[in-house]
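Please examine the protein chain shown below.

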Amino acid sequence: MDFNAYQTALSSVARGAECPFPPAEFESRLARVRAGMARDDISALLLTDPSDIFYLTGYSTFEVSVHVALVVTPASLLLQVPSIEMGPAMVTTRVEQVVGYRWEGIGEVLEPLVEALSGFEERVGVDFWHGSLRHGVIEGVRTRLPDIRFVDSALLLKRVRIVKSPAELACLRRSAHTTGLGLKAAVAAVRHGVTDNEIAAVGAEALLAAGSEFMSMQPIVTVGHRSSIIHTNHKRFAIEPGDPVFLEFGAAWKRYTAPMMQTVVAGVPTRSMQRVFDGCRRVVEALLETIRPDVSFDAAARAGEKALAPLAGEVFFSGVFGYTVGAQFPPSWVEGSGFIARGQSSRFQPGMVFHLPLCLRIPGQWGIGCSETLLVTDAGTEVLTTNPWSLAQSSLSSVR
């Protein structure tokens, strides 16, 4: 059978069987998005970011490199997927209008989009800054609908997604718990002679055994001097006595991720390591004390900078004290709807969830990172993760 017959067969036996939330949750999300469209005078939305499409429909897949689109109008939804994605579209969503195209026939995507957007050409919202928006799609639709006006509507979805519903918070809590189990298992495996790959394998096994789906980022483990280099990962390096072992894990629960960083030392931490570790904790505590509803992201960043000041000349820090997390797909668990950093005028609201990625690195020597994922509440904050906040000295005994 071809993908159209496959769609018909699956629709009759498994339609929406793995949709992650009940209809009311998606209806609420769509209502807020459509209210935003009316406010911004957007006649239709053309969405291509997999996480935005998931947010409004439940559509979930590990194949996020292909063209997928969701057209949102005031009264309808159209989900467009390639032939290889018809299965996920049928099983994970309840969208009534799903159209396919041959995976190998990318040119076939244009006509269904043109048909869906006809009559809504005045102001069609797109996210011009997301890599999933293909130039060929935009130019092809423009050629066929010469009067269409594409406008950047990236902020529309971000404003809606940044405040989490109770159903989303339940997923983030499950993720935080599972993340903690993975880190606990990985920390217990740290000892002289074990490689970073082996630590990552132990952590991954624990995460998956505890129920994590495929993750937006695989477990991050670096040891010794490599922990001083941002965004490196395990690469068969053995732990030496006295090495810091940096870990950053994030379990996925219905695509929601609450990450956590932890650092342990294979032996006795040096005074310098302890000092930098204490600096991480001091910054996180300053953020937890500052973050409250109606406080600006900029004000929280300034509090973080003040706490970091004694180490600022010695360590590399990215400058971002926190970023929003929610439902994401590879290659990242960063939601991108908000950043705690200088110059960010947005204000905290109850229901926002942030990861505080505090990793301080001395170039060429080592890095110490410890973090939490927190929920903004009416009263301040609630920490969702369970960081033990210790450089947990592990056994020096060799396993070789």
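Cys19 is a buried residue, with a relative accessibility of 12%; buried means under 20% relative accessible area, exposed over 50%, and partly exposed in between, with a 1.4 Å probe and protein chains only. This is a predicted model, in which local features need pLDDT of at least 70 and side-chain atom pairs count only at pLDDT 80 or more, while totals for chains, interfaces and linings use all residues. Residues are numbered from 1 along each chain as its sequence is written, and side-chain values use heavy atoms, with hydrogens and water left out.

A disulfide is a covalent bond between the sulfur atoms of two cysteines. Here it is counted when a pair of cysteine sulfur atoms lies within 2.5 Å, and by this rule the protein chain has zero disulfides.

The secondary structure may be considered next. The protein chain contains 11 helices and 18 strands; helices (H or I, at least four residues) and strands (E, at least two) are DSSP runs, numbered from the N terminus. The radius of gyration of the chain is 23 Å, close to the 21 Å that the globule rule gives for 400 residues, so the chain is as compact as a globular protein of that length. This radius is taken over C-alpha atoms, and the globule rule is 2.2 Å times the number of residues to the power 0.38. Along the principal axes, the C-alpha atoms fill a box of roughly 65 × 50 × 35 Å. Of the 400 residues, 56% count as buried.

Contacts show how the chain is brought together. A contact means heavy atoms within 4.5 Å. Among contacts with a separation of 6 or more, 71% are accounted for by residues 24 or more positions apart.

Is Gln80 buried or exposed? With a relative accessibility of 1%, Gln80 counts as buried. Beyond its neighbours within four places in sequence, Gln80 is in contact with several residues, including His67, Val99, Tyr101 and Leu113.

A cis peptide bond, with omega about 20°, joins Pro330 and Pro331, and Pro331 lies in the loop between strand S12 (322-325) and S13. Arg236 has a positive phi of about 65° although it is not a glycine. Arg236 belongs to the loop between strand S7 (220-223) and strand S8 (244-249), and it is exposed, with a relative accessible area of 62%. Lys254, another residue other than glycine, has a positive phi near 50°. Its place is the loop between strand S9 (252-253) and strand S10 (256-257), and at 33% relative accessibility Lys254 is partly exposed.
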